[in-house]
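This briefing sets out selected features of a single protein chain. It is arranged by topic for reading alongside the sequence and the coordinates.

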Amino acid sequence: ALWWQVAIILADTATVYFIFLGFNFQASFIGVLFGLILTKIIAMVSFTPGSLVFFEGAMVLFYSAFGIPLQLSVMATIIFRALSFWLPMPFGLIFYRHLRDNYNKSLTN
């Protein structure tokens, strides 16, 4: 489980790093990693579902504090959140309905 979490954090860090590169900004990979880890720590103490607002605010705060321009921090945060939080939701709904229907069919047979 530990290695799986490390792999997830590294994949998320790579995603944010490549978002910065996509905006033609050379960020430090270590800085992006620390910003993401600090953001995840803030998100753990949030009382809102999915750490809405707390995650976004913390990510913008930490990256702008690490010297990344504010506008770029906001755009990278919005894109990362869209890819990692909002985009999987419709797929999850589709898969949930598929599994629910299959489960209900297996109960009737």
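In this predicted model, I19 is in contact with A76, I79, F80 and L83, leaving aside its neighbours within four places in sequence. I19 belongs to helix α1 and is buried, its relative accessible area being 10%.

**Contacts of I19 and F80**

- The C-alpha atoms of I19 and V74 are separated by 12 Å, and the two residues are 55 residues apart along the chain.
- F80, one of the contacts of I19, touches D12, T15, V16, I19, L36, F55, M59 and F85 when residues up to four places away in sequence are not counted.

**Nonpolar core**

- The largest nonpolar core comprises 15 residues, and V16, F20, V32, Y63 and F80 have the most contacts inside it.
- Helices α1, α2, α3 and α4 are the elements that give two or more residues to this core.
- Helix α1 supplies the largest share of the core, 4 residues.

- A58 is located in helix α3.
- With a relative accessible area of 5%, A58 is buried, because buried means under 20%.
- A58 touches T39 and I42, not counting residues up to four places away in sequence.
- Between the C-alpha atoms of A58 and G35 the separation is 8.7 Å, and these residues are 23 residues apart along the chain.

**Packing of α1 against α2**

- Two packed helices are described by the angle between their axes and the distance between the axes.
- The axes of α1 and α2 come within 9 Å, and they cross at roughly 120°.
- This angle makes α1 oblique to α2.
- The crossing of α1 and α2 is right-handed.
- On the α1 side the contact is made by I9, D12, T13, A14, V16, Y17 and F20.
- On the α2 side the contact is made by F29, V32, L33, L36, I37 and K40.

**Salt bridges**

- Side chains of opposite charge can pair when their charged atoms come close.
- The count of salt bridges in the model comes to 3.
- D12 and K40 meet through their side chains in a salt bridge, with 3.3 Å from N to O.
- This pair links distant parts of the chain, since D12 is in helix α1 (residues 2-22) and K40 is in helix α2 (residues 29-44), 28 residues apart.
- D12 is buried, at a relative accessible area of 16%, whereas K40 is partly exposed, at 26%.
- E56 and R81 are both buried.
- R100 forms a salt bridge with D101, and their closest N and O atoms are 3.8 Å apart.
- R100 is partly exposed, with a relative accessible area of 36%, and D101 also counts as partly exposed, at 36% relative accessibility.

- Most residues other than glycine have a negative phi.
- N24 is not a glycine, yet its phi is positive, at about 60°.
- N24 lies in the loop between α1 and α2 and is exposed, with a relative accessible area of 73%.
- S51, likewise a residue other than glycine, has a positive phi near 55°.
- S51 is placed in the loop between α2 and α3 and is buried, with a relative accessible area of 11%.

Note on methods
Residues numbered from 1 in each chain as written. Predicted model: local features only at pLDDT ≥ 70, side-chain atom pairs only at ≥ 80, totals over all residues. Heavy atoms only, no water. Salt bridge = Lys/Arg side-chain N within 4 Å of Asp/Glu carboxyl O. Buried < 20%, exposed > 50% of the residue type's maximum accessible area, 1.4 Å probe, protein only. Core = buried A, V, L, I, M, F, W, Y, C linked by side-chain atoms within 4.5 Å. Contact = heavy atoms within 4.5 Å. Axes fitted to C-alpha atoms, helices over the stretch in contact; angles between N-to-C directions. Parallel < 35°, antiparallel > 145°, perpendicular 65-115°, else oblique. Left-handed = near helix turned anticlockwise from the far one by under 90°.
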